[in-house]
Amino acid sequence: MADQFVPGTQSAEILVYQPSRIRQARRLASRAWQLPKFAVVLLLIVLVVPAAFADIIAPYGPLEAPGGIRERLQPPVFAGGTSDHILGTDKTGRDMLSRILHGSRVSILISAIGIAIAGSVGVTLGVIAGFYGGKIDALIMRLVDVSLSIPPVLLALSLATALSPSFRTVIIVVGALLWSIYCRQVRGDTLLVMQQDYIDRARVAGASGIRIMFRHVLPNITNTLIVLATLQVGFVILLEAGLSFLGVGLSRPTPAWGLMVADGRDVIITAWWVALWPGLAIMLTVFGFNLLGDWLRDRLDPKLRQL
Amino acid sequence: MQRFILIRFLQGIFALWVITIIVFGISRSTGDPAAIFLGIDASAETVAAFRERWGLEEPIIVQYGLYMGRLLQGDLGESLRYPELGAGGAVFDRLPATIYLAGASLLLALAVGVPLGVLGAVKRDTGFDHGGKIIALLGQSMPNFWLGLMMMWLFAVNLGWLPTSGTGGFKHFIMPAITLGSFQVAAIARLVRSSMLETLDSEYVKLARIKGVSEWKVIWKHCFRNAALTPLTYFGVIAAVVMTGSVTTETVFNWPGTGLLAFQSVLSRDFELIQALVLVFSGLFIASSFLVDVLYAYLDPRIRYN
């Protein structure tokens, strides 16, 4: 769009802006300030290390109530609780810290499997749509439109009612919601790649359609895919938490963060800590992925920067 | 322009039609609908009457035809919880409460998000901009039901400033509106910021500055008016997201709208009611994106000739 206003650009630039070295330096400093390292460290602390070593670092098992019902709803250690339960206990006496540490596994599993499924369906259809064009393209894109106009939570609610809440249902919902986003993005990218000379040359060299798609198109759109996947992890974790909170996601007693917040809702008047910690865990994890995704986007794929 | 409107309209109708197939498919794909609708403990006569009434002995295509026939007559099905209203009646009965709440939260999101976005663009790369960005990201990272619960604990339980839940006066609106709007604040702020950055860089803004127009006027009159166009396209999407995202918010605050209705109908396995909700909200979503597209094509001629 900026290309349209070429005449006079330079003079106005000089009059109004003085893009000095100071300004440039400051901009560079702000790049560094986006703190990808911070995001990675945050994710390691909240998500990766707990998921890998939950059995070792968690003081108790996720379903275990060490003190039985007598130790129910104990406050965190800084609010008058004991050091047996640093973050307090829930309404059946289970240790909050242990459940949150184990809950990280649930989040990782759901987002990894969900995004893998949505990604492979979306990428396949997107590449096909962009490669073949014409009627196939039109058909696939109409399906994308349809999929984008179904309200996500309500679709999840009706699926979950029909299928009964389970891990599988959550995966189906995530897949059904996300494939279209990949598909649209990948189709656009494929169209761009298809205009390149090397595609024509591959054709002249006698490469088959499948070969062109896999060897020439796909490697050139991986950056977009990485960025998209990173940004979507946060969305999936929030979605799963919301579904579990509503009782149509994972079922008790799975240590899913959304379910734990739902448990906290019942006792919010007397025991704030039951809802606080799992929500904080969700927020920090999603925040970490959003930071990381933003940074990757700036680095790998500036054209995705729509916001 | 008329051609553009017609094509978009037909696309919308097509989308809605495919959604009816999906909704119908979900209801038939999971085994016996009689078992889903009536529950396992229904008597054999009830089940037989049910199968007879909904034509479940017919081939699947005929069943879909019957279903579409009822839909086109405006019959969205029956409801276990609201037998006298029916599923459609129950949805439209609850719709106003959700619209009020969604309206309040959108107003709030605009009132906070627009100034944040504009200031972020004007004071680009300063502490304010970075702080705003971090807060926006944090806002988008929070599960809104959790934010609602935490506010409820702080302002209703601890401080006693606001009522915990339900409807009533102005005070009842505050926490649900913030909960529902929190995500949108961030989205609007980011959209406004990026489109403001683009306009701030344009020729007419530079000219206005050279002319000596006051900074306030440059920002709000020259830039914002043009920058507001891009967020407008997303506004339809945001409005629809707010309408459907109300499920968790209404559940937390016991707000008697369609979101709470959806939650309750899942609890009582009121399957036709959920399907009615999906259809009504998909319809609203499609209608709002159609309106936004038309509006945008009207405002920006480049779109409609594409």
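Me: What makes a residue count as buried here, and how much of chain B is buried?
Reply: A residue is buried if 20 or more other C-beta atoms lie within 10 Å of its own, exposed if 12 or fewer, and partly exposed in between, with C-beta atoms placed from the backbone. By that count, buried residues make up 39% of the 306 residues in chain B. Keep in mind that this is a predicted model: local features need pLDDT of at least 70, side-chain atom pairs count only at pLDDT 80 or more, and totals for chains, interfaces and linings use all residues. As for the labels, residues are numbered from 1 along each chain as its sequence is written, while chains are lettered from A and ligands numbered from 1 in the order in which they are written.

Me: How many helices and strands does chain B have, and what counts as one?
Reply: There are 15 helices and 0 strands in chain B. Both are DSSP runs numbered from the N terminus: helices are H or I with at least four residues, strands are E with at least two.

Me: How do you know which residues of chain B are in contact with chain A?
Reply: Two residues are in contact if their C-beta atoms, placed from the backbone, lie within 7 Å. On that basis 51 residues of chain B are in contact with 49 residues of chain A. α14(B) gives the most to that side of chain B, with 10 residues.

Me: Why are α6(B) and α8(B) called oblique?
Reply: Their angle is about 140°, with the axes 8 Å apart. Axes are lines fitted to C-alpha atoms, for helices over the stretch in contact, and angles run from 0 to 180 degrees between N-to-C directions. Under 35 degrees counts as roughly parallel, over 145 as roughly antiparallel, 65 to 115 as roughly perpendicular and the rest as oblique. So α6(B) and α8(B) are oblique to each other.

Me: And what are α10(A) and α7(B) to each other?
Reply: α10(A), residues 257–266, packs against α7(B) at about 25°, with axes 11 Å apart. That makes α10(A) and α7(B) roughly parallel to each other. A:V261, A:G264 and A:R265 meet B:F145, B:W146 and B:L149 there.

Me: What makes a nonpolar core, and which residues have the most contacts inside the largest?
Reply: A nonpolar core is a set of buried Ala, Val, Leu, Ile, Met, Phe, Trp, Tyr and Cys residues joined through C-beta atoms within 7 Å. The largest has 152 residues, and A:V261 and B:L277 have the most contacts inside it.
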